Amino acid sequence: MDKLHGEEIMEKFVRSKLYHNDMSYEERIRHNINLAKEVGTVLTWKQSKEMCREIDKQEIWVNDIYQVNILRGEDCDQYVHNESLKGKCDYISIKTHNKEAIRDWRHFQQIKNELCGEDREAIEIFPNEDRLVDTANQYHLWVLPKGEYMCFGFRERKVDYTPKDGGFNKSGQRGI
């Protein structure tokens, strides 16, 4: 990992394939069922088959820290609830290789920029409880089409790369 402005930056992403792409489709379905069984979950043949279909639609990107799965355009439409945006958005799923909980906003920004474009906005949702999905240390971003903007947020760029030392900021936190 290199440093930029005194902070660690991650390696560029490369396109990847799932570890089990060398399996037949039927073997993949069985593999999912067996994995679920190992963690005490029941997965039916139909559910596993649907899971395989969903995974086959995804682009998979990896670097030294993360695995990022992306659904683009129409493949993302199950998550798009505004008809005028259907077929135009992307969905990004982010997790670390070691499956630990993480939270580095600048990493998420770099992931969005590198894999979907610097000229697109993305949002992470903290939903009401009846739409909550929390099954793993995995993070979800929805990326708007180029030229679409959130109806809220800052209007101008302001970035501070100045290292902050001392006081309450001994952890290396950025900003004030």
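These legends accompany several close-up views of the predicted model. In this predicted model, local features need pLDDT of at least 70 and side-chain atom pairs count only at pLDDT 80 or more, while totals for chains, interfaces and linings use all residues. Residues are numbered from 1 along each chain as its sequence is written, and side-chain values use heavy atoms, with hydrogens and water left out.

**View 1. An open antiparallel sheet of 6 strands.** Reading across the sheet, the order is β3-β4-β5-β6-β8-β7. Helices (H or I, at least four residues) and strands (E, at least two) are DSSP runs, numbered from the N terminus, and two strands pair if DSSP finds at least two bridges between them. β3 (14–16) and β7 (122–123) are the edge strands, each with a single partner, so one side of each has no neighbour in the sheet. As background, strands of a sheet pair through backbone hydrogen bonds.

**View 2. Pairing around β5 and β6.** Strand β4 (residues 59–62) is joined to β5 (residues 66–72) by 4 bridges, and here Glu59 sits opposite Ile70. Between β5 and β6 there are 7 bridges, with Leu71 facing Tyr91 of β6. On to β8, β6 pairs over 5 bridges, and Ile94 has Tyr139 as its bridge partner. β6 is mostly covered, with 6 of its 7 residues buried (under 20% relative accessible area; exposed is over 50%, partly exposed in between, using a 1.4 Å probe and protein chains only).

**View 3. Helix α3 across the sheet.** Helix α3 (residues 105–116) lies across β4, β5, β6, β7 and β8, and runs at about 45° to β5. Axes are lines fitted to C-alpha atoms, for helices over the stretch in contact (heavy atoms within 4.5 Å), and angles run from 0 to 180 degrees between N-to-C directions. In the loop between β6 and α3, look for Lys99, which has a positive phi of about 65° although it is not a glycine.

**View 4. Helix α2 and its buried face.** Buried here are Ser48, Cys52, Glu54 and Ile55. Seen down the axis, these buried residues fall within an arc of 165° (taken from the directions from the helix axis to the C-beta atoms), so they line one face of α2. Their cover includes α1 and β5.

**View 5. Salt bridges.** The whole structure holds 8 salt bridges (a side-chain nitrogen of Lys or Arg within 4 Å of a carboxyl oxygen of Asp or Glu). Glu26 and Arg30 meet at 2.9 Å, N to O, and lie 4 residues apart in helix α1, about one helical turn. In α2, Arg53 and Glu50 are 3 residues apart and meet at 3.8 Å, N to O. Arg103 and Glu124 come together at 3.1 Å, N to O. This pair links distant parts of the chain, 21 residues apart: Arg103 is in the loop between β6 and α3, and Glu124 in the loop between β7 and β8. Finally, Glu59, Arg72, Asp90 and Arg120 are linked in a network of salt bridges.

**View 6. The loop residue Lys17.** Lys17 lies between β3 and α1 (25–38) and is exposed, at 66% relative accessible area. The C-alpha atoms of Lys17 and Ile60 are separated by 6.3 Å, although the two residues are 43 residues apart along the chain.
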